[in-house]
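Work through the exercises below with the sequence and the model open. Each task is followed by a solution in steps.

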Amino acid sequence: MTGLLISLILPWILGALWLSRFWSSANTATLLGYGYLFGILLITTLMRLWDFMGLEIQFWPIAGVSLVAAMLAFLVPKPAADGFSGIDPPGQQGAAQTPAAESQKILSFTNFIFAIFLVLVVVRLGAMLADNVYRPMFSWDTWMNFAPKARVWFELHEIVPYVSPRTWLAGTYPEAYTLGNSQAWDYPLTVPLVMFWTALGLDAWHDDLIKIPWVLGAAALGLGVYGQLRHFGVARHLALIFVYLLLSIPYLNVHVTLAGYADFWLAIFLCLGLLALLKWCHTHDRADLAIAIIFALFCFTIKRPGAIWGGILLVSIALAMMPRRWAIALILVMVAAPALVWTLGGIDVRIPGLGRLQLNSSGISLPYLGSQDIQFTDITKTLDLSLLRSPNWNMLWYAMPVGILIGVIWRPGRLRQFAPFFFLIASVAAFLFIFFMIPRYSSEATNQTTLNRALLHLVPAYFSLIIWWLWGKNEIASDEQSSIQKTT
Amino acid sequence: MSTDGKADGRENVKPPTVFSNLSVAFLWVNGISSANPYVAGFSPAMSLLTRIFVGLCALLMAFGIVVAYLWYDSGLPWISSPPPALAGGDLRVVQGSALAGEDSILVAFERGRDRIDIKAPTMPFSAADISAIDVLVDELPAGVRGGLYWTSSESRRLQSAPLAEAARGSRLTDLSGHPGWKGQISDLGLVFLGRQGSFAVNGLRLVPLSWQAKLESYSQGLQTFETWSQRTINSLVFPATLKDLSPTFLAAAVVLIALLIAGALVLMLKKRAGFASLALGLFVAVWVILDVRWQAVFAENFVQASRSYAGSPSEAKSIMEADGQLLQFANTLKTNILPPEPQRVFIVHDSSGHNFLRLRLQYHLLPHNIYNYKKKLMPKSVKEGDYIILLEQIPGIRFSQSEKVLRSDKRAPIPAESVYRFPFASVYRVTAEPKFARSE
């Protein structure tokens, strides 16, 4: 049990300590939330390096190195905190208009609200943790695609390679394994590595306990979102309410409770990566930018769709960094180019080192992602059922369009910071294209296999973006301010 | 406030427009001053109690409006006379063993039979008068499903419907939407399918067509908590009794109407500042109400999980009954048959695609190196020392004890020895590379 606790806490310590050394503009909640995920990133990377160097993967050596690495963070001088530490913005002008007694009443009420929702969030996380402790690995893809790798690596103490069934039969790599799902052998490795790490801490394969990191991921998501919303000037009780709304989404709870899928990790990294980008739009702090880029890149290592969403986030980051004219030009090129290619009959070429690039009426083929046919399928009824009439999302999908509409009417100025909105529009467009135009995914949507899982990747990010849009108070750094910050 | 707009120094500001009033509607509790100080000064913030009061009124009124609309739309009477009821003792068990009492009947599956048939006394009635049948039955044993059947004057075919899901004694099964619930209904009965177990049937209530019955059925549906399955990770579903009116949709409608009512009340009160927090509060309140049900679903599934798995060692937890046998088989193999170092194992099973048995067995056999795709033997691929598991009956594959080979149609025989037999699987070890393997 000691090993388990260390395996769960060590990523937090490692990640939070190092982030605190470089991320001066982050408040405590942000550091804790991002810290866990950054720690997971570091430890899984360390495990890969360890294996690459031919060393046997054992828990205590890796834990020791990680702990030393965490302690080394203290050698890095901690930067002075700047003004964006997440306190409420000065000048509570609304309060100045209300009588003092009413203000006191409101303050007591908001404290009460804060306490209530804190209890709700903690109880929710506790319930998910308790269920994970009892329930063994339940969901199909978990024990078919992800857990087998982790288990084999744990038993053999090395990251043995996995190959396709055909390659396995050919016997080219005698030490290689293959999976029972012919498509999953080359899935990204992060999720099995997380399970592997927890099993190392346990020093045994426990079907139930190795899923606990999913609960910690949920806690990290809540902390990260809370911290970032506080940075954006959202009042503490409101920020906590929004965290509760996010963490109480039933479908999200399912992925934490029936844990083992990669979708939830992709959702967390994407959401917090986008929030880091939003924060960079405020602060132009290089650390925000670095975090956003790192988290966007890490999406590629979690799940194959992470290449799409992470790629869109990277493009959004690039747009945010560019001068406005260049960014607009690039957006126009990105919109016009596929349309032009399509109009001219499509494209089908082989890019050396990357693979086939195809976009025409026959199908679409992208390097790393593979090939698919193209055919329109109407899945609006399925969308209606999944989003609006099922228990999956509570009332989220009723509120989000309304939130966007209110944002457009009431805070159109935020649209000037178009990078996050590019992410929103591009990812929605990609989602609609995938599920309406690619028959394989249309059928999976119709039989309710992948639709909600794909939405889960994006929902926390969309939710956070809309909250920032409507409730964020801190002004976005103007071009003039950012150039001043760059020169000081 | 000065009527001429001058005495208080606001002579240079514009009077409020619809848009600026809309903007004011989004002033927050902690206060953002409106860009138009004239509007901000004109509209003091609602007190906290006012916001709560307005919100509650709006919510209750909205709920009432929605219920009233649904009632009006249904065309049903609000309430009807007490429904006729049949006690358990009035029912007759046609198939199954029974111990009859006055108010209930204790039934059990007979050995070798997977069905219990219970008939109600003959008492024809019109389907137009009865909307639902409330089956009063104790909690059914695991694996037992129940249903209603009847004959209708409109159709010669026997009609049936599954019993509504419920964990407790009453299963109010709404038949008003059933295509076979028409005309004169007769020969009403209950059927239970399963293999074992006993339970008490306490009677039937014929529930007349009324809005009260509809509400009762809906309410029971809200209290019926879905058990998680392998499909849960893909999508959650409400119970069948709620499918006609999704609680999510209903909640959203209540929120929308409540917002409109609250907006009207706020305009009447002329205290627009604070409306945003009121709107958010309404939305969150209804979200929390929906969430209470989700928490109940969660709790129910957690209780089931804790009952099923509490006390079991982590290494021995199976996710369903069939899995328990696979786990036992796999553990026996790993402990007693297979060497400790990972071996190449071929699982052969007569199935295609993602089959639970073969995939789950593969998982339980880890860290042995498993190939798990074929329905046939693979003489070209096996090597001496490999293991082959034949899972369940596989047409065309047989083991010759005399020749010590595994044979399948039109393929080279594989020299093997039988190392273990289990009720649903047999295990062989390849003793030599198949002959003519390279020439095939």
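**Exercise 1: a helix pair**

Helix 18 of chain A and helix 19 of chain A are roughly perpendicular to each other (angles of 65 to 115 degrees; under 35 is roughly parallel, over 145 roughly antiparallel, the rest oblique). The model is predicted: local features need pLDDT of at least 70, side-chain atom pairs count only at pLDDT 80 or more, and totals for chains, interfaces and linings use all residues. Residues are numbered from 1 along each chain as its sequence is written, chains are lettered from A in the order in which they are written, and side-chain values use heavy atoms, without hydrogens and water.

Task: find the crossing angle of helix 18 and helix 19 of chain A, and the residues that make the contact.

Solution. Step 1: take helix 18 as residues 418–437 and helix 19 as residues 439–446 of chain A; helices are DSSP runs of H or I with at least four residues, strands runs of E with at least two, numbered from the N terminus. Step 2: their axes come within 5 Å and cross at roughly 85°; axes are lines fitted to C-alpha atoms, for helices over the stretch in contact, and angles run from 0 to 180 degrees between N-to-C directions. Step 3: helix 18 of chain A contributes Ile434(A), Phe435(A), Phe436(A) and Met437(A), and helix 19 of chain A contributes Pro439(A), Tyr441(A), Ser442(A) and Ala445(A), where contact means heavy atoms within 4.5 Å.

**Exercise 2: an aromatic pair**

Task: which parts of chain B does the pair of Trp228(B) and Phe298(B) tie together?

Solution. Step 1: the pair is edge-to-face, at 5.6 Å centre to centre with 90° between the planes (rings of Phe, Tyr and Trp, its six-membered ring, pair with centres within 6.5 Å; planes under 30 degrees apart are stacked, over 60 edge-to-face, the rest tilted). Step 2: Trp228(B) lies in the loop between helix 4 (211–222) and helix 5 (247–269) of chain B, and Phe298(B) in helix 6 (residues 275–309) of chain B, so the pair ties together parts 70 residues apart in sequence. Step 3: Trp228(B) and Phe298(B) are both buried.

Technical notes: Buried means under 20% relative accessible area, exposed over 50%, partly exposed in between (1.4 Å probe, protein chains only).
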